[in-house]
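Hello,

Here is the structure I promised to pass on to you. Please open it alongside this email, and then read my notes below.

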Amino acid sequence: METATPAVKGALRSRNPHLSFFFDNEKVLGLLMIAPAVLYILALVGFPLIMAFVYSFSDITIGSADFGFVGLENIESLIGDFEFKLALKNTILFTAVSMIIVLVLAKILALILVKDFRGKFIVRALILMPYVAPISLGVIGWLWMLDSIYSPINWLLQHTGLFGPDFWPMWLGKPNLAISAIIAVHVWRMLPLATVIMLAGLASIPQDIQDAALVDGAGYFRQLFQITIPMMLPIMLVAVLFGIVFTATDIIIILVLTRGGPYNSTQVLVSKAFYTGIDAGDLATGAATALFLFPLLAAVAIFMLRIARRTEVA
Amino acid sequence: MTKHKKPGKKIGLQIAHWGSLAVFAVFASLPFLWMLITTFKQDADLYNRANNPFIFNSAPTMEHLRYLFNETLFLRWLLNTAWVGTLVVIITLALAIPAGYSLVRLGGRWGEKLGIGIFLTYLVAPTILFIPMSRVVANLGLQDSLWSLVVVFPSFTVPFAIWLLMGFFKAIPPDLEEAAMIDGYSRFGAFIRMVIPISTSGILTVVIFSFTLVVQEYIYTLTFVTTASNYTVSVGVPTFLVHGDVYNWGGLMAGCLIASLPVVIVYNFFVDRFISGYTLGAVKG
């Protein structure tokens with residue numbers, strides 16, 4: 001075995017025989033080196049995750065010292081709640097619509113960026129900005145661009161004649177417009193990451209396969225749909241999975257742009273959980289609300305595992 | 001393929017190429033451009049609907065920057081962010097470097113599996129954990145303190161850091177440590193003297209990644225911290241400059257821009273490495 005010989009040699013040559021039990025015994029050393037990280041993750045990811053479930057079945061509030069169990073009461077009252085259903089619907093709607101748009105745009109953008117051209121680094125840096133800059137700060141830029149009175153977008157559309165002289169939409173003031181604005185900002189935010197992941201996928205397609213297809217007379221679209229896209233499927237799946245996680249669990253865009261308004265029309269699970277759990281102090285209902293994201297994240301995790309296993313075998 | 005094309009078609013393709021690039025680049029960077037313009041605009045120019053918002057109708061002003069640094073806690077928030085970021089980076093490295101090495105070299109068959117398991121905890125988003133975590137922080141007596149952030153933030157930096165470092169350690173040939181051990185170092189000694197020095201670029205990647213995650217973090221800070229002077233920049237700016245009584249757009253945009261730019265610039269040089277982590281090795285970089 002690869003591990004046995006160096007361990008023996010090391011133990012023989014180590015200067016301090018007392019320490020060599022820890023520093024040379026590979027099993028002991030391996031455990032010692034991994035233990036702090038694992039203990040930390042158990043304490044600050046594992047434990048809170050269990051507590052999230054426990055809270056969901058309890059009547060805990062911010063003020064209370066102890067709490068009793070109420071079984072499925074929280075979940076049942078949530079399912080009957082109109083505002084909760086709206087938040088659940090919005091979470092799915094925002095995630096699904098923005099992911100579809102992101103996938104299409106990212107594919108196009110990746111196909112453009114895969115070529116080498118002068119100034120590519122600058123263009124790529126500009127396109128990456130929404131993902132790289134702190135989200136809450138970038139979204140404030142959107143808040144100001146969608147301002148009800150001074151929106152430069154409205155000004156531009158009016159002065160180019162696309163909007164009539166009296167048409168000045170209040171982007172964040174009307175439910176349907178606010179929903180579109182939130183989706184647009186989600187797209188803006190996720191597009192760079194999806195594009196860069198797809199670029200990595202495009203770069204990994206062996207050139208000889210493309211050359212062979214060209215020799216066989218495959219046109220651009222034939223190549224795109226029969227070679228590029230099928231070969232990129234696993235990588236596109238990765239982009240989609242991360243996109244789902246980042247979009248469905250996002251609270252910043254909602255909190256900064258609309259705070260869930262107008263009339264709760266843009267409330268999502270996480271923002272609802274924050275307002276009931278932290279602002280209103282009802283930890284139990286808040287935890288139960290957020291927990292509805294867990295099945296989604298678990299499904300994503302299973303897909304990720306499959307991808308990881310497939311690449312491990314390959 | 002291009003050889004057979006007529007020059008006209010080639011020019012058309014060029015126009016389509018640069019046109020679509022321009023549309024994407026403007027879409028992505030417009031909010032930041034708008035921040036830049038607003039930062040230096042006089043209020044009278046800014047709040048006049050008759051003016052073209054994209055040009056300076058009056059002379060540029062430094063007033064908003066003066067306001068931001070002298071009359072708000074912006075500088076304090078920047079310092080808080082830097083302080084928390086530094087501590088979190090140190091904790092992340094201390095936990096992730098040995099763990100990553102252990103999983104790659106000493107873990108045997110379960111190493112890779114445990115590594116993937118740790119990576120998956122990256123998906124257990126703060127949005128599920130922030131409510132119980134608020135209780136954990138309260139029980140530790142860290143409410144409304146920067147230390148709450150120092151303790152909790154590694155929960156999202158460590159898993160991905162371990163994953164990234166595993167990739168780097170795997171690329172180091174095992175002969176290197178074996179040679180060091182033949183020279184009399186213990187396994188741990190070889191790790192300290194040989195592996196860490198040649199992994200500098202991987203460690204630097206983790207430093208940048210962890211620090212930018214700290215700068216971006218929002219929901220934990222919003223949940224744990226209540227005193228204005230204890231905020232980090234990405235929560236302080238939206239909380240106290242937007243939802244205050246007065247909307248000072250000039251100062252606000254200046255704050256957003258100043259806090260974003262360094263992160264944007266640094267991150268750009270490392271982005272490909274993060275991506276190879278994200279793609280789970282499905283793409284060989």
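**What I found**

In chain B, eight residues of domain 1 are in contact with seven residues of domain 2, where two residues are in contact if their C-beta atoms, placed from the backbone, lie within 7 Å. Before going further, please note that this is a predicted model, in which local features need pLDDT of at least 70, side-chain atom pairs count only at pLDDT 80 or more, and totals for chains, interfaces and linings use all residues. Residues are numbered from 1 along each chain as its sequence is written, while chains are lettered from A and ligands numbered from 1 in the order in which they are written.

**The domains of chain B**

On the domain 1 side of that contact in chain B, the elements giving two or more residues are α1 (7-39) and α2 (43-46) of chain B. Helices here are DSSP runs (H or I, at least four residues), numbered from the N terminus. With five residues, α1(B) gives the most to this side. Sorted by class, the side of domain 1 of chain B that touches domain 2 of chain B has four nonpolar, two polar and two charged residues. For these classes, Ala, Val, Leu, Ile, Met, Phe, Trp, Tyr, Cys and Pro count as nonpolar, Asp, Glu, Lys and Arg as charged, and the others, Gly among them, as polar.

As for the bounds, chain B has domain 1 at 2-61 and domain 2 at 66-278; such bounds come from an automatic or database domain assignment. The centres of these two domains of chain B, taken over C-alpha atoms, are separated by 34 Å.

**The domains of chain A**

Chain A is also divided, into domain 1 (1-56) and domain 2 (74-313). Here 39 Å lie between the two domain centres, taken over C-alpha atoms. Four residues of domain 1 of chain A are in contact with eight residues of domain 2 of chain A. The domain 1 side of this contact in chain A is made of three nonpolar residues, one polar residue and no charged ones.

**Where the chains meet**

Between the chains, 87 residues of chain A are in contact with 86 residues of chain B. Helix α3 (residues 26-56) of chain A gives the most to the chain A side, with 16 residues. That side of chain A divides into 70 nonpolar, 13 polar and four charged residues.

**Two helix pairs in chain B**

Two packed helices are described by the angle between their axes and the distance between the axes. Helix α5 (residues 109-121) and helix α8 (residues 154-170) of chain B pack at an angle of about 140 degrees, with their axes 7 Å apart. Axes are lines fitted to C-alpha atoms, for helices over the stretch in contact, and angles run from 0 to 180 degrees between N-to-C directions. α5(B) and α8(B) are therefore oblique to each other (angles under 35 degrees count as roughly parallel, over 145 as roughly antiparallel, 65 to 115 as roughly perpendicular and the rest as oblique). From α5(B), the contact is made by B:G115, B:I118, B:F119 and B:T121, and from α8(B) by B:P159, B:I162, B:W163 and B:M166. Six of the residues in this contact of α5(B) with α8(B) are nonpolar, two are polar and none is charged.

In the other pair, the axes of helix α11 (residues 200-216) and helix α14 (residues 249-268) of chain B come within 11 Å and cross at roughly 150 degrees. That makes α11(B) roughly antiparallel to α14(B). B:I208, B:T212 and B:V215 of α11(B) meet B:V263, B:V266 and B:Y267 of α14(B). The class count for this contact of α11(B) with α14(B) is five nonpolar, one polar and no charged residues.

**Buried and exposed places in chain A**

Nine of the nine residues of helix α14 (residues 283-291) of chain A are buried, so this helix is largely enclosed by the rest of the structure. A residue is buried if 20 or more other C-beta atoms lie within 10 Å of its own, exposed if 12 or fewer, and partly exposed in between, with C-beta atoms placed from the backbone. A:K85, by contrast, is exposed, with 12 other C-beta atoms within 10 Å. A:K85 sits in helix α5 (residues 82-113) of chain A. The C-alpha atoms of A:K85 and A:V268 are separated by 9.5 Å, though these residues are 183 residues apart along the chain.

Happy exploring!
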